[in-house]
Structures are given as C-alpha cells and as structure tokens.
Amino acid sequence: MAKDVVHTKQVHFDKGTNGATFKGSVKGYDTVEYKLGAKEGQYMRVTLESKKAYFNIFEPGKGPGDMAMFIGNIRGNSYMGSLPASGSYTIQVYLMRNEARRGTTAPYTLHIGID
C-alpha cells in the first residue's frame, strides 16, 4: 500500500494585502496543509470551493490527529472567526474516506484572509 503524502505550503500574503487564493487538487488519502502565522484576536476567513474536498483548521501546536477547531465535513465550506491564540495555524485540505478509497482526485480553490 502506498504511503499517504502530505504536501505542506507556507502561506504568505502579497505586500499590502490581507488574503490569498490557492488552486490545487487533492487525491486519495493525500492531504495539502497550508501553514500561516496569525495573532490572537485577528479575524480569519477561509472558504473552499470544491465538489469533493473539505478542510479542517488546527490551532497553533495542533495538527492532524488532534481535535480541529473547525471541521469542514461537519460545518461546511466556509469559516469566519476570531483566532483564539497567536502562532502557526494549519488548514488541511482532504477527501472523505469513501472518496479517498476510490482514489478520487478533487480540484479546489482555497481563499484565506486575515484581518
């Protein structure tokens, strides 16, 4: 059985902006993790456009395997909220097990903003 692959991308916003958009795809049990630094009390917006992919958000010091602060397959494709702590947040894009098992490839567009 092939090992699941985690693709990690560091998020940087262009100078003078407070957000960025990323296009990609996720296949099977592989995941894509977007890492970004933010401060306690800042307001984060995350929206995922995809027919099959979902996303989770993890607080600083946590990641896959820990309890997520936002679970996309339960709460939907959009998160908006004030951040509980300063540090590096992880946004994980993934497929549900039934799609991963089939080896599905799902394109997505991820919008991330911090105010």
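Helices (H or I, at least four residues) and strands (E, at least two) are taken here as DSSP runs, numbered from the N terminus. The model is predicted, so local features need pLDDT of at least 70 and side-chain atom pairs count only at pLDDT 80 or more, whereas totals for chains, interfaces and linings use all residues. Residues are numbered from 1 along each chain as its sequence is written, and side-chain values use heavy atoms, with hydrogens and water left out.

The largest pocket holds about 390 Å³ of space. A pocket is an open set of points on a 1 Å grid over the protein atoms alone, where a 1.4 Å probe fits, with protein on both sides within 12 Å along at least five of seven lines; lining residues have an atom within 4 Å of a point. Of its 20 lining residues, T31, N56, Q92, Y94 and L95 are the closest to the centre. Strand 3 (31-38), strand 5 (53-58), strand 8 and helix 2 (97-101) each supply at least two residues of this lining, and strand 8 gives the largest share, three residues.

Q92 itself belongs to strand 8 (residues 87-95). This residue is buried (under 20% relative accessible area, 1.4 Å probe, protein chains only), with a value of 9%. Contacts of Q92 (heavy atoms within 4.5 Å) include T31, Y54, N56 and P64, leaving aside residues up to four places away in sequence.

Elsewhere, four strands form an open antiparallel sheet in the order 2-9-4-7, where pairing requires at least two DSSP bridges between two strands. Strand 2 (19-27) and strand 7 (78-82) each have a single partner strand, so one side of each lacks a neighbour in the sheet. Strand 4 (residues 43-49) and strand 7 are joined by five bridges, and T47 has S78 of strand 7 as its bridge partner.

Conventions
Buried means under 20% relative accessible area, exposed over 50%, partly exposed in between (1.4 Å probe, protein chains only). Grid points are joined across faces, edges and corners, and a volume is the space filled by probe spheres set on the points.
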